[in-house]
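Keep the view open as you read.

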Amino acid sequence: MSSGGAVPRRRNPRGQGQVLKAELVEAAARLLATLERPETLTLRQVAREVGVAPASIYGHFPDLGALIQHVLRLRYDELAAVMRTAADDAEGPLADLVARCAAYVHWGVDHPGPYRTIFGGGMPAELVPTNAHGAGEELLGSVVVSLARARQDQLQHQDDRGPEQEWQAGLLLWTALHGLVALYNAHGNMPWPDLTDLIAQTLALHTGSPVDEIVELARTPGRPT
């Protein structure tokens, strides 16, 4: 049901309140992903989307911020699971890094609305405080560790960078991947080079590994292409 009009929703049978909660979360996620200005989302819009009175929401979420943060957590978990799954069968540190980063980019390009929901910014701090993005730090941490291992393997000896430098290196790589997704989503009508090639060239710059080797890893069956 679109937000243009509400159809009265049938009351769930007793004991099925979680059904309404799931519908509220789904509606909020859909609106956050499609609204031109997601930061203008209101509880009334969510209620209208589901077909319930706004007061019905308070039995599941104390306020709009709690609902939005719940959606954020689900989206972060979804992306983290995609990255973990992609790297499950990776053979070696570089393959692990390639799998994680390729999965990140392809998820962002394939799901532009959900990607914007977690990385688009613009939400008032009173609705989405900084600590609501703690799961994003977990994603960054996985990239930091994977990049450090790939560099050590490439150098064939212990990398002399300390934890802070490794974190900064991972942050720079994530910044590059985010920029690739954001620009691709915003200007998808441009004659972009092959996305896998762009990912490979980005990772080559950050690891010192040959582009051809990274492309081969990225095109391994089962990996995003």
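A residue counts as exposed when its relative accessible area is over 50%, as buried when that area is under 20%, and as partly exposed in between. Keep those cut-offs in mind for the charged residues below. The model is a predicted one, so a word on confidence comes before the details. The protein chain has a mean pLDDT of 87, with 88% of its residues at 70 or more. Residues 1-7 are a stretch to read with care: pLDDT stays under 50 there, and the model has 11 contacts for them beyond four places in sequence.

Now to the charges. Across the whole structure, a search finds nine salt bridges. One of them joins the side chains of R30 and E49, with 3.2 Å from N to O. R30 belongs to helix 1 (residues 17-34) and E49 to helix 2 (residues 43-50), so this pair ties together parts that are 19 residues apart in sequence.

A second bridge to find is the one between the side chains of R73 and E138, at 3.9 Å from N to O. Here R73 sits in helix 3 (residues 64-87) and E138 in helix 6 (residues 134-155), so the pair ties together parts 65 residues apart in sequence. R73 is partly exposed, with a relative accessible area of 36%. E138, at 53%, is over the 50% cut-off and therefore counts as exposed.

E78 and R75 form a salt bridge whose closest N and O atoms are 3.1 Å apart. These two are three residues apart in helix 3, which means that about one helical turn separates them. E78 is partly exposed, with a relative accessible area of 29%.

How does helix 3 pack against helix 4, and at what angle? Helix 4 covers residues 93-110, and the two pack at about 140° with their axes 8 Å apart. Helix 3 and helix 4 are therefore oblique to each other, and their crossing is right-handed. On the helix 3 side, the contact includes R75 and E78, along with residues such as L79, V82 and M83. From helix 4, the contributors include A99, R100, Y104 and W107.

Methods. Residues are numbered from 1 along each chain as its sequence is written. This is a predicted model: local features need pLDDT of at least 70, side-chain atom pairs count only at pLDDT 80 or more; totals for chains, interfaces and linings use all residues. Side-chain values use heavy atoms; hydrogens and water are left out. pLDDT is the predictor's confidence in each residue, from 0 to 100. Contact means heavy atoms within 4.5 Å. A salt bridge is a side-chain nitrogen of Lys or Arg within 4 Å of a carboxyl oxygen of Asp or Glu. Helices (H or I, at least four residues) and strands (E, at least two) are DSSP runs, numbered from the N terminus. Buried means under 20% relative accessible area, exposed over 50%, partly exposed in between (1.4 Å probe, protein chains only). Axes are lines fitted to C-alpha atoms, for helices over the stretch in contact, and angles run from 0 to 180 degrees between N-to-C directions. Angles under 35 degrees count as roughly parallel, over 145 as roughly antiparallel, 65 to 115 as roughly perpendicular and the rest as oblique. A crossing is left-handed if the near helix is turned anticlockwise from the far one by less than a right angle, and right-handed if clockwise.
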